Amino acid sequence: MTDADGRRDHDQAQRTGHADPARSFLFLLGSARADGNTEALAREAAAQLPSHTAQRWLRLSELPLPAFEDLRHTEGRTRTEPAGNERLLLDATLEATDLVVVSPLYWYSVSSGTKLYMDHWGAWLHLPEVRFKQRMRGKTLWAITTTSHDDSAPADPLVGMLRSSAEYLGMHWGGSLIGHGNRPGDVLRSDTAALADAKSLFG
Ligand SMILES: Cc1cc2nc3c(=O)[nH]c(=O)nc-3n(C[C@H](O)[C@H](O)[C@H](O)COP(=O)(O)O)c2cc1C
């Protein structure tokens with residue numbers, strides 16, 4: 001998609017060193033529906049990864065997390081060891097070198113499932129034995145989203161919040177890929193620019 005000046009309006013990914021076979025990508029699917037536009041775009045991008053690069057796909061709606069409780073300053077209540085889905089997501093997060101947030105644009109931000117997952121980062125930061133901040137440092141964070149607008153600017157808050165979160169944790173920012181569509185299949189059907197960008201997102 002192009003703007004009035006003919007410039008590509010997609011936020012182009014920065015290139016990083018993808019030849020490293022030790023990399024492993026975790027795709028965190030945040031849509032409230034299966035087989036939506038954002039997942040389809042993510043699968044187009046992932047198809048370009050070398051076959052030796054590990055990929056793991058987790059659908060956040062199938063891994064419900066407990067409501068986030070902010071216990072940071074609560075006397076006498078300590079967080080319990082993460083268990084169940086929380087443990088699975090924590091371990092998957094720590095194991096990956098590259099985290100790809102695959103969330104549709106909901107109210108100019110990530111979906112609630114994605115946000116809840118990220119709020120849990122705030123809890124994991126306060127589990128000393130996990131050493132979350134140290135272990136997140138140096139990983140790469142990517143964003144893939146879909147907006148129903150024709151331009152990409154409405155996705156700026158989503159991209160900004162993920163990019164700032166990456167910075168806060170000392171992570172690299174991989175880049176973002178923004179599709180345009182509303183009904184399932186829209187992006188694959190008609191967003192040729194996003195599909196082209198998907199081919200080069202991961203280098
Ligand atoms: C709760 C909700 C909020 C949404 N908010 C926005 C929005 O703020 N901006 C926008 O462009 N599209 C918005 N949309 C439209 C979706 O981004 C669009 O339908 C997208 O294609 C959905 O992605 P998916 O197919 O991967 O599920 C919203 C959709 C829902 C269900």
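Six residues of helix α2, namely E86, L89, L90, A92, T93 and L94, are buried. In this predicted model, the elements that cover these buried residues include the strands β1 (24-29), β2 (54-59) and β3 (98-102), together with the helices α3 and α4 (132-136). Helix α2 itself comprises 12 residues and spans 17 Å between its first and last C-alpha atoms, close to the 16 Å expected at 1.5 Å a residue.

The packing of α2 against one of its covering helices was then examined. Two packed helices are described by the angle between their axes and the distance between the axes. For α2 (residues 84-95) and α3 (residues 112-124), the angle is about 80 degrees and the axes lie 11 Å apart. Because angles of 65 to 115 degrees count as roughly perpendicular, α2 and α3 are therefore roughly perpendicular to each other. On the α2 side, the contact is formed by E86, L89, L90 and T93, and on the α3 side by Y117, H120, W121 and W124. By class, the residues of this contact comprise 5 nonpolar, 2 polar and 1 charged. The spacing of such contact residues can be read against the geometry of the helix. An α-helix has 3.6 residues a turn, so residues three or four places apart point the same way.

The strands of the protein form an open sheet. Its 5 strands are arranged in the order β2-β1-β3-β4-β5, and their pairing is parallel. From one strand to the next, the twist averages 15 degrees.

Within this sheet, strand β3 is mostly covered, with 5 of its 5 residues buried. The burial extends to both faces of β3: D98, V100 and V102 are buried on one side, and L99 and V101 on the other. Strand β3 pairs in the parallel sense with β1 over 5 bridges, and L29 stands opposite V102 of β3. The parallel pairing of β3 with β4 likewise involves 5 bridges, and here V101 is placed opposite A143 of β4. Further along the sheet, β4 (residues 140-147) runs parallel to β5 and is joined to that strand by 8 bridges. One of the paired positions is T147, whose bridge partner in β5 is H180.

Two further helices lie across the sheet strands. Helix α1 (residues 37-46) lies across β1, β2, β3, β4 and β5 and runs at about 135 degrees to β4. Helix α5 (residues 156-168) lies across β3, β4 and β5, and its direction makes an angle of about 165 degrees with β5.

For the protein as a whole, 7 helices and 5 strands are found. Along the sequence, these elements follow the pattern β-α-β-α-β-α-α-β-α-β-α-α. Of the 203 residues in the protein, 48% are buried. Among contacts between residues at least 6 apart in sequence, 79% join residues at least 24 apart.

Technical notes: Residues are numbered from 1 along each chain as its sequence is written. This is a predicted model: local features need pLDDT of at least 70, side-chain atom pairs count only at pLDDT 80 or more; totals for chains, interfaces and linings use all residues. Side-chain values use heavy atoms; hydrogens and water are left out. Axes are lines fitted to C-alpha atoms, for helices over the stretch in contact, and angles run from 0 to 180 degrees between N-to-C directions. Helices (H or I, at least four residues) and strands (E, at least two) are DSSP runs, numbered from the N terminus. Angles under 35 degrees count as roughly parallel, over 145 as roughly antiparallel, 65 to 115 as roughly perpendicular and the rest as oblique. Contact means heavy atoms within 4.5 Å. Ala, Val, Leu, Ile, Met, Phe, Trp, Tyr, Cys and Pro count as nonpolar, Asp, Glu, Lys and Arg as charged, and the others, Gly among them, as polar. The expected span of a helix is 1.5 Å times one less than its number of residues. Buried means under 20% relative accessible area, exposed over 50%, partly exposed in between (1.4 Å probe, protein chains only). Two strands pair if DSSP finds at least two bridges between them.
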